[in-house]
Each structure stands twice: as C-alpha cells, then as structure tokens.
Amino acid sequence: MQNRMSKKLRMSQDAKDGWILLAPLLVLTIVFLLYPVVSNFYYSLTKWKGLGEPQFIGLENYVKMFGDDRFYSSLKNLFVLVLYIPLGVFVPLLIASVLRGGMKGWKIYRALLYLPNILGPVILGTIFAVMLSQVGPITELLTRLGFEHASRFYLLGKSTSAINTLSFLFVVWMRVGFGCIYFLAAMSTIDASLYDAAKIDGTNAWQDFIHITIPGIKFSIQFFTVLAFIEVFARMYGMIFTLTGGGPGYATYTLEFGVYMLSFSAYQKGYASAWAVILFFFCAIIALVQIRLIKKEELS
Amino acid sequence: MNVNDRTTATPFGNHHMKERLRKRSLQSITYLLLSLFSLIIAYPIYYAIISSLKTTSDYTADKIGLPSSPTLENFSRVLTQMNMFSFLLNTLLVVGVSMVVYFLVCTAAGFAFGKLRFKGRLWIFTFVLFIQIFPQMVIAGQLYQLISKMNLLNTHIGLILVWVAYFAPFGTYIMTTYYSSIPKSLVESARIDGAGVFQQLTRIMIPIARPMIGTLGIIGALAMWHELPFSMLILQRQELRTLTLGIALMQGEFGLPTTVLTAAILVTSGVPLILYIIFQNYITMGSTAGSVKG
C-alpha cells in the first residue's frame, strides 16, 4: 500500500518536473513553428499581399497552382533530385566499405572530404556559381585544352544541365564526405568476427559487402537516405539561391524555393501558402517515415 | 586498424605472393581514387584561396594558375569597405547567444524526455521529431508576420528566438538519447537530498552533459552559421546582417570582381575553417551523433 502510494507520488513528481523542463522548448516551438505551420493552411485559402486583411477566396489559389507551369517545374525538379539520391547513398557507402579496414593517411582524406560540411551550402553555391560561370575557370580550362566555343559549355545556362548540375552538387558531391564518415562510424559497430568467419568460407569483398556490411548497418543506410530526402525537400534554399537563383527560367525551382519567391519577391503570400501546404504534405510523409524508423530502432 | 597487419605468412609461398600482389594493387587503386575524389571535393576552396590572392588583371589573365604576384588587397578591401567586419561581429554575437540558449533548452528538454516518465511524453516527443524536419519556407511567410507584430523585425533577439526554436528540436533529440543512457538513480537520490528540478538540472544534468557540449555545439553552431532564410527575413537592415547573409546578397548587390568575392568567402568561412583545423577529429566524429546505429 505504502509502496504504491510512493510510486504514485514519484510519477506525479516526474510529471511536474517534466513539464517545467519542457516549457521553454514547447513555448518556442509552438509560437515560432507550430503556429506558422497551422495558420499557413488558413492563409492558403486567402488572397493576401502581406499587408492589410487577407481576403477569403476558397480554393482559388489551389486552382491557380494546378495550372501553373512553375509548380509542375518544381515537382519535376524534385523528382530529378530524388533520382540522384541512390547515387548519393551508394557512393559513400562503397567508399566507406573499402576503407573499413583502415588505411594510412585516412585522416587527411577525411579532413578534405568533410570540408563541404564546414563551408556550408551558401558558400559552396557562391563558389560554384563563379566556377561554372561562362567566364570562369572551367571555361578557361576547356579553352586551353583546345575546345572551341568553350563558353557554350555553360552548365547552369540550359534547363536540363542546370537541374542535373544542381542535383549532382547538392545530393552527391556535398554529401559524400559526411556519408563516408557516417557509414564508417556505423560499420565500426559490426562484429568483426563476422568478416573473419566469411574469410574462412572464402568469400570475396563484394559478397562481404552484400551479405555482412549492408545488413549490418541497415538502420544507418535507411536513416541516411531519409536525411537525403529531408535535405532535398526542406534544406535546399541556400544553395539554389546562390547557385542558380531558380533559373534559367524556372529550371531549378523547387517547392521550397517557389514559396520564397512567391511570398517575398512577388508578394503573393496567399498563393505562396498554397504551395507551402503541398510542401507540408511531402515533408509530413518524410517525417513519418523517419519517426517510424527511429521508434522501430528503439524498440528493437 | 591497419590493412597491412593482416598479411599472415602462409606455407604456400606462391599463393602468398599472389595474394600480396592483389592486395597491393587494390590498395593503390583505392589510394588513387580517394586522392582524386578528395581533390575534386577540395578544389573549390583551393580555387577561392588562389583567386583571393590575385589582382583583378592577374585573375582575368589566368583563372587557373597560382597568383603571379600575391596580394592581400582584396582582403583589406573586404574588411574595410564592405562591412564584413561588422557582419563577423554580428555573427559571433548572434550565434554565441543562440548557442547558450539552445544548449539550456536542449539539456532541459532532453532531461525530461530521457529520464522522466509522465503522461503525454511520447506524444510530445513525436511532435518534436515531426516538427524538426519542416522546411523553413513552410514557416517563413507567417513567421515574418508574427515577428513584425512582436516588433522583433530587424532585431538580433528575433533571430535568436527563431533559431533556437528551429534548431532545438534536433538538439533535444540528441540529448534525449544521451540522457536515456544514464541511470535514473541519480535523479532519485538528488530528490531524496531535497534538490528541486532546477538544482537537478544545474548540479547534475548539465555537468553530466559535458561530453555532449562539443557534439551539440558542432551540430547547432554549424547549422546557425550556415543559416540563410530566417536571417534574410528578419535582418533586413545591412548593419545587422550575418556573414552568411552578407555573402549570399553580395553576388547580386555589388557586381563584385571575383577576386574580392572569393576573399569575402574566405573571411566568411574563416572562423569555421580555423576551428575545423584545430578540432578536426572531434568535429568529424561528433557530427554523426544521434543517428549512427548498426
């Protein structure tokens, strides 16, 4: 009886302390994140320039959106970006599995490979914009190598090459270093005796990769893939802004970039909110996948 | 941890030779590919360094080679004429204050989620995980209105609050996984000693989180240092700008020569690069916290 009483008492103490400790986080996230996300749904049904009273117009923004080339261009570009994700996962995974046994000088390579994470997307976008420009070093190199009209080889100047360049830089190039370090850390948790046993069985490196390494770090591979989706849907603004500005035309628009342009450049805040609602649903799906992954891992 | 250690003597000399040869060639290919890869990754920063040391005419004449007569003129121009110095001070101030608040918010919430059991805990934790992936753009439009209604537009405090709100959920997740691994008896014995929740936080939980300060610092400070959209919305007056914002707007605003732009880039990444060179080991390993599991 007394035991139960004290247990009940302890639980309520946990609750009291818990809410006090959570208060700062909850206040901040509810005010600055949840409220804007929720009110966004309402604004998507209004015509609103950001000043004065929003005017309720029902689903008009959505009708407009489904007839807007920029919207379809954004979806198509996101699709292209997603197509690069397998490469962005596989390349670091492969490098990490080759390096798994350790190698001399790895620290120097690691230092170089991780550099993009230190520099950040805004700096990288700015440098690449200069490097890939028509009067940049790449053009000069091609000219020196004897290509005539090298300035026509302007990767950011044509729609198809622009979105593919952006995708490669953002999804593969920028993430390789972090991916290697991430997967190496994950691989260090695999029991080394599994590889020794396989060696006795005479398996080759590829078989080890397929049958030991990949199943051994399944969670990390899934988690890294989800992170890549998050980056593509929700973290690309800085690089697009500095590298292409969404262009040429709308060739490198994504939903995220479009929301910004409509909202703060065209001052169509109501219409931008409709785009943001679509983006919300994409991100909600990604978030649910991630949460399921984390919960599954913690239960097992 | 060394590939070479694995070579063991076998009684079959021929087989041994062949095996060693294969291993050698595999190793050389690995080194070659890795070197090539590292060069490709490191080239942009190398390019920025050589360009920043060139004069405009030097750069126009040769965009690829080393500077023929290195000059620091671009850097002096960046620091004296272009507000970069005040951008740097703004960044250090905003990131510094944000990090202190961020650390306190994340430890407190991580303590609650990781060590205390109460109703609704799992739901709120799920909410936190859910909200942390949201793109800044879904929030930005309405956030701008909110911030201006609160009279926080063009204030560093506004940006600090928004940054902490946006980045704390992930930090909380990391702290939660950390605190779940320490024994609950610490909390219980502190309670028996009559320590309140704030004393538990300041005397036990924060000191115990010391190994995580680095990790949280790397993840949080890098994210803030690189942050663009919120700074762009909230800090519209030039004298308030951060480095990242300054550089992002520089391309269009000034129509600058590349040599000056690359110098500005190096000034912008200077602090992170120096810290990276000093704490390289720590930073690369710390960055995987909270998400690496077999």
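Trainee: How far apart do the C-alpha centres of domain 1 of chain A and domain 2 of chain A lie?
Mentor: The C-alpha centres of these two domains of chain A lie 35 Å apart, where domain 1 covers 1-43 and domain 2 covers 62-299, bounds that come from an automatic or database domain assignment. This is a predicted model, in which local features need pLDDT of at least 70 and side-chain atom pairs count only at pLDDT 80 or more, whereas totals for chains, interfaces and linings use all residues. Residues are numbered from 1 along each chain as its sequence is written, and chains are lettered from A and ligands numbered from 1 in the order in which they are written.

Trainee: What makes up the contact between domain 1 and domain 2 of chain A?
Mentor: Four residues from domain 1 of chain A and six residues from domain 2 of chain A take part, contact being defined by C-beta atoms, placed from the backbone, that lie within 7 Å.

Trainee: Which domains does chain B have, and what distance separates their centres?
Mentor: Chain B is divided into domain 1 (1-39) and domain 2 (83-255), and their centres, taken over C-alpha atoms, are separated by 47 Å.

Trainee: How many helices and strands does the secondary structure of chain B contain?
Mentor: Chain B has 14 helices and zero strands, where helices (H or I, at least four residues) and strands (E, at least two) are DSSP runs numbered from the N terminus.

Trainee: Why are H3(B) and H13(B) called roughly perpendicular?
Mentor: Helix H3 (residues 73-81) and helix H13 (residues 258-278) of chain B pack at an angle of about 70°, with their axes 8 Å apart. Angles of 65 to 115 degrees count as roughly perpendicular, under 35 as roughly parallel, over 145 as roughly antiparallel and the rest as oblique, and H3(B) and H13(B) are therefore roughly perpendicular to each other.

Trainee: Which residues of H3(B) and H13(B) meet?
Mentor: B:Asn74, B:Phe75, B:Arg77, B:Val78 and B:Leu79 in H3(B) meet B:Thr259, B:Val260, B:Ala263, B:Ala264 and B:Val267 in H13(B). The residues of this contact divide into seven nonpolar, two polar and one charged.

Trainee: How does the radius of gyration of chain B stand against that of a compact globule?
Mentor: Chain B has 25 Å, whereas a compact globule of 294 residues would have a value near 19 Å, the radius being taken over C-alpha atoms and the globule rule being 2.2 Å times the number of residues to the power 0.38.

Definitions and conventions
Axes fitted to C-alpha atoms, helices over the stretch in contact; angles between N-to-C directions. Contact = placed C-beta atoms within 7 Å. Nonpolar A, V, L, I, M, F, W, Y, C, P; charged D, E, K, R; others polar.
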